[in-house]
Every structure is written in structure tokens, then in C-alpha cells.
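Please keep the structure in view while reading.

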Amino acid sequence: MNYTQELHAKDAQYVWHPFTQMGVYTKDEPIIIERGQGSYLYDTNGNKYLDGYVSLWVNNNKKLNKAIKKQLNHIAHSTLLGSSNIPSIELAEKLVMMTPERLQKVFYSDTGSASVEIAIKMAYQYWKNIDRQQYANKNKFLTLHNGYHGDTIGSVSVGGIDSFHKIFKDLIFENIQIKTLCLYKSHYTHEQEMLDSILSNIESILAERNDEIAGFILEPLIQGATGLLVHPHGFLKSVELLCRKYNVLLICDEVAVGFGRTGEMFACHHEAVQSDIICLGKAITGGYLPLATTLTSQKIYDAFLSNRHGVNTFFHGHTYTGNQLVCSIALENIKLFEKDNLISHIQTTSQTLKHRLNKLKSHKNVGDVRGRGLMFGVELVKDKQSKEPLDISTVEIIVYTCKDHGLMIRNLENVITFVPILSMSKKEIKTMVKLFEKALHQTLSKK
Ligand SMILES: Cc1ncc(COP(=O)(O)O)c(C=O)c1O
């Protein structure tokens, strides 16, 4: 047995992988990543792959390595419970400066799911702290069908992807779910008509039931996990205005879209939206270490203040809340965003990605190309007219063929996602699309 075969055997014996049917996974010989360099991943057999999806984001910028080493010389961790630390203070200041003005306070956690859990608990308790009697029924959240906010029970409760969430229906709390734009899309020819229809649906729910609704939670601009559904322009701003009108908190889950992914530092910036709570995670540390944050307004924070310890306190916290190593990496990562002018780089490379992917639209099995910034999806269909999805086994063969050609790419059902490293060069973007196109033609010509 060589080294890779040994690792395969141990992986199958000891590791339970996330979102994975292990019965299928262990029959294959999965790629085992050993190292990364720029936009490329290298496996234990020495094969090289262009990284087409961000979940394996490696960022070998030596400056981030340096930030870890520098912080390690001081301390790796001390608690934020009852004391503080330098990187968490400096990072909080930086985040408040760079996010929409309304957001003034930073609560740390370590996963996107936890940041959503915190947002939900904060929004719920906010109303109780203000007036327990008047807001006794503000216990539900307005959510979007096909929304995804993580995998803890609270975040599953506000999610809406049946294939992930249905099994937990007896564990989750009740919310009010709005049908998503994709369901409406096929019924309307004009985007404005679709937008008006969904907004009037939202307004009628808010008008009738705002005394039951603590907050409206959504993924701003792009619903990621459901196949990169792009909201029509103006939707987010209109939702913000409706939340204000009907006294409901707006929670923007920017875990996936934050930090440049959509071409602005935050998706809220595209429509000058001031949410009451924002959740951040994923790219905040450049893919180095787990960190997430929940930012809130001064008004929400103030509702938790008291002169007595147990009164109105937010009883939530994790052991690694505000960990120094993680916060120092995030700070350095943000500095590099600014120094390297990464947002402007993304805006340029986004045009390249969009242009190249749009060329695929003429392919008989491409039903849609959609996205923003460096977050695009190519929907594969059997038939362009009916939009009947291409069967999953064929989609999976395309994904495997991409790997054979040196491209790591991921599908969400019949949607192939292009979510590359934010610093990916134009040349690498063109290569990425070319490799996908090759795999697409190769697989479908055999059918
Ligand atoms: C919009 C959104 N919210 C929350 C999460 C959960 O983040 P994590 O996987 O870090 O718990 C994700 C993960 O993909 C996400 O896309």
C-alpha cells in the first residue's frame, strides 16, 4: 500500500465527512489534498487542480502566515468572558468602520451557523428586553423558501431547503416562509412584474402578522446553497423599507456573500442597505481559521444594557469567542484586501468570468448562467425550453471529468458553481471556464 492508499483506508475508517453520503464516498478514491499554492491545490499523488470553489480556499499569502506567527509569540487564546484582548478589539473597530453605518457592535463566534444562531437569539431577546408584554408574540422569523443559513437547529429553523431541512421538522421552531423568486420566475416574463408580486406578498404578510415577527432573515442578493439564485435589483432595498415600515428587524446573512464575493465588500453596499443585524464568516480570515461575527446596531445593543448582571444580559458565548489568533488573521486579511485593492480586482475578473460563462449559453444543455462578482452558477438542463434539470448522474460525471482535467468544481444539484479564490487571475479564470467547457462537451457528446 502506498501513502495515498493508506490515507484512503484510514479516511474511510475514521472520518465522517460533512454533507456526504458516506456509503457512496467510501466506494471512491477521493482526492486527498496535501498543500496549496495560489489558486492551485495539490494532492498526495502530486496532481495539481485549479480551485474552482471557495470551500477549499487556500491562501498562501506569506503575510497571513506571518500574522499567525507574530500573534503566537504573544498568546494563542484567552477568553472574552470578563476580560478582553487586543486583536478582538482592533478587529471589532475595523469591522464597524467597514460595514454599513447602522452596525456598531461586534459579537464573535466561530462558524457562520453560530453567527446566525446568535442573530436569531439577539433579535428575539431584543423585543423581550424592550417590552415583554407588548412584544410577547414577536417570536417568529420571516424567511425565504430555499434559504440556507447553516446547520445548527436555530439556523436550520430559518432555512428552507427541503432536501437538507425536512428531516429535522420536529426539532425546529415555526417560522413564516415566503416563496422564493425562482418559483415565481417561470410565471412572469418581466423582472419588474416578478418583483412587484413578491413584494406585495411580503407586505401583506408583514401588515397582517408583524406583531408575530421578530425579524426578516435573508441571504442578500444571492441565495447561495440553493443554486446561486440572484435576486432582482431593488429587492433588498424594498425589503429593508418594508421591515422599517412594519417594525421588524432586518437580518442580512452575509456569511457567503460578504468580503468581496459579489463585487462590493458587502452585498448590502450594492443597494445602500442598513440592516439591523449582519452575519459574517467564511472569507473573513481568508480561509485560514474559523471565525464568524454578528454585528448589530446601537439600538439593539442598548436594549441589552442594565446596571445589574443578570438583567437583560445576552446569555450566549463560545469557548473560542474572540480568539486572538483568529482575530489577528482576520485583521491582516482585511488590511491585504485594502492594500491589494482586491475589490477592484474582483470587479475586473468578474467581467471576464461573466463574459466567458455567457458564451456557454448557446450550448443546448445550458439553461441559465447567473451570478455576480465571483459567484456564478451554470444551470444544466435536458431541454432549454422546459428547463427540465439534467440528471444528477450526468452532472456528477461532468464534475468528475473536470477533476480529471485538473479543475476542482462543485455542483449544487444541476447547477455548476464557479466561486473561485478572490485573488484568482484573469488568465486562471479563463482556464477554469475552458476546462469546464472541455468536460461539458466531452461528457455530453457521449450521451
Ligand atoms: C448564507 C450562509 N449562512 C450560513 C452558513 C453556515 O456557515 P458555516 O458553514 O460556517 O456554519 C453558510 C454556509 O455555507 C451560508 O452559505
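Strands S1 and S2 run antiparallel to each other and are joined by 4 bridges. The model they belong to is a predicted one. Across this pairing, isoleucine 33 stands opposite aspartate 43 in S2. The two strands make a hairpin with 2 residues between them, and glycine 38 in its turn has a positive phi of about 55 degrees. Strand S2 also pairs with S3, again in the antiparallel sense, over 3 bridges. Here leucine 41 has tyrosine 49 in S3 as its bridge partner. S2 and S3 form a hairpin as well, with 4 residues between the strands; in this hairpin glycine 46 takes a positive phi near 85 degrees.

Strand S3, residues 48–51, has a parallel pairing with S15 over 2 bridges. In that pairing aspartate 51 stands opposite methionine 408 in S15. Taken together, 4 strands form an open sheet in the order S1-S2-S3-S15, with mixed pairing. The edges are strand S1 (33–37) and strand S15 (407–408), each of which pairs on one side only.

## The faces of strand S2

In a regular strand, side chains alternate between the two faces of the sheet. Which residues of strand S2 (residues 40–43) lie on one side and which on the other? Tyr40 and Tyr42 are on one side, Leu41 and Asp43 are on the other, and all are buried, so both faces of S2 are covered. The ring of tyrosine 42 has a charge over it: the charged end of arginine 35 sits 4.0 Å from the ring centre.

## Strand S12 and its partners

Strand S12 (residues 292–297) is mostly covered, with 6 of its 6 residues buried. Strand S4 (residues 103–109) runs antiparallel to S12 and is joined to it by 6 bridges. Strand S11 (residues 277–280) is also antiparallel to S12, with 4 bridges joining the two.

Leucine 295 in S12 takes part in both pairings. It is the bridge partner of valine 106, and it is also the bridge partner of isoleucine 278. Elsewhere in S4, which covers residues 103–109, lysine 105 lies over the face of tyrosine 301, at 4.3 Å from the ring centre.

## An aromatic cluster

A pair of aromatic rings is described by the distance of the centres and the angle of the planes. The structure holds 10 aromatic pairs. One of them joins phenylalanine 19 and tyrosine 148, with 6.4 Å from centre to centre and 75 degrees between the planes, an edge-to-face arrangement. This pair links distant parts of the chain, 129 residues apart: phenylalanine 19 is in the loop between helix H1 (3–14) and helix H2 (22–25), while tyrosine 148 is in the loop between strand S5 (140–144) and helix H6 (153–157).

Why does the pair of tyrosine 148 and phenylalanine 164 count as edge-to-face? The planes of these rings are at 80 degrees, and planes over 60 degrees apart count as edge-to-face, so the pair is given that name. The ring centres are 5.7 Å apart. Phenylalanine 164 is in helix H7 (residues 162–165), 16 residues from tyrosine 148. Phe19, Tyr148 and Phe164 form one aromatic cluster. Phenylalanine 19 counts as exposed, at 55% relative accessibility, whereas phenylalanine 164 is partly exposed, with a relative accessible area of 25%.

Isoleucine 217 is in strand S7 (residues 213–218). Is isoleucine 217 buried or exposed? Its relative accessible area is 0%, so isoleucine 217 is buried. Not counting residues up to four places away in sequence, isoleucine 217 touches Val116, Leu142, Thr143, Leu144, His149, Val158 and Ile251.

## The chain as a whole

The protein chain has 15 helices and 17 strands. Its radius of gyration is 22 Å, close to the 22 Å given by the globule rule for 447 residues, so the chain is as compact as a globular protein of that length. The C-alpha trace spans about 70 × 60 × 45 Å along its principal axes.

Of the 447 residues, 52% are buried. The chain exposes about 21,500 Å², and carbon and sulfur atoms supply 52% of that area. Among contacts between residues at least 6 apart in sequence, 69% join residues at least 24 apart.

Technical notes: Residues are numbered from 1 along each chain as its sequence is written. Side-chain values use heavy atoms; hydrogens and water are left out. Rings of Phe, Tyr and Trp (its six-membered ring) pair if their centres lie within 6.5 Å; planes under 30 degrees apart count as stacked, over 60 as edge-to-face and the rest as tilted. Buried means under 20% relative accessible area, exposed over 50%, partly exposed in between (1.4 Å probe, protein chains only). A charge sits over a ring if NZ of Lys or CZ of Arg is within 6 Å of the ring centre and within 35 degrees of the ring normal. Two strands pair if DSSP finds at least two bridges between them. The radius of gyration is taken over C-alpha atoms; the globule rule is 2.2 Å times the number of residues to the power 0.38. Contact means heavy atoms within 4.5 Å. Accessible areas come from the Shrake-Rupley method with a 1.4 Å probe; for residues, only the protein chains shown count as cover.
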